[in-house]
Amino acid sequence: MPERTVFKSMSQKHVLSLGPQASVWEAACVMTKAGVGSVLIVDTPGHLLGIVTERDLMTRVLAKAADPQTTHVADVMTRSPHCVPPETLVSDAVLIMIERGFRHLPIMSPAGKILGVFSVRDAL
């Protein structure tokens, strides 16, 4: 049986995103409502700028006592995150995540369109 690809394994196919001027509080609310652990940060044409994860919120906001309502996601996001194409095998994505300490991998089409985020949860 052929191995699954990251795109076929994603639990949610819609892209959860915010602009760079959104507050950390907004990001946390959006993530909580969607039941996910990350949100992509994009500019107006949909170009990926970064990703904000639960870990970013814990280490760059809570641990530093930053105000979540006045801190912008652009100030705490992981910039230029590592991305993979949709045909990446789950085993290859998991290896990347283990080696680099990631829990989330944005999936990008060859044309640069954001297709979603593959997470540790999707690998199970």
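Trainee: Which residues does Val73 touch, leaving out those up to four places away in sequence?

Mentor: Bearing in mind that this is a predicted model, Val73 touches Gly19, Pro20, Ala22, Ser23, Val24, Ala27, Ile41 and Val52, with residues up to four places away in sequence not counted.

Trainee: And which residues have the most contacts inside the largest nonpolar core?

Mentor: That core has 16 residues, and those with the most contacts inside it are Leu18, Val39, Ile41, Val52, Leu57 and Val73. The elements that give two or more residues to this core are helix H2 (24-34), strand E2 (38-42), helix H3 (54-62) and helix H4 (73-76).

Trainee: What other core lies apart from it?

Mentor: Another core, of 11 residues, lies apart from that one, and Val90, Ala93, Ile96 and Phe118 are among its members.

Trainee: Back to Ser23: where is it, and is it buried or exposed?

Mentor: Ser23 is placed in the loop between strand E1 (17-18) and H2, and it counts as buried because its relative accessibility is 7%, where the cut-off for buried is under 20%. Not counting residues up to four places away in sequence, Ser23 touches Pro68, Gln69, Thr71, His72 and Val73.

Conventions:
Residues are numbered from 1 along each chain as its sequence is written. This is a predicted model: local features need pLDDT of at least 70, side-chain atom pairs count only at pLDDT 80 or more; totals for chains, interfaces and linings use all residues. Side-chain values use heavy atoms; hydrogens and water are left out. A nonpolar core is a set of buried Ala, Val, Leu, Ile, Met, Phe, Trp, Tyr and Cys residues joined through side-chain atoms within 4.5 Å. Buried means under 20% relative accessible area, exposed over 50%, partly exposed in between (1.4 Å probe, protein chains only). Helices (H or I, at least four residues) and strands (E, at least two) are DSSP runs, numbered from the N terminus. Contact means heavy atoms within 4.5 Å.
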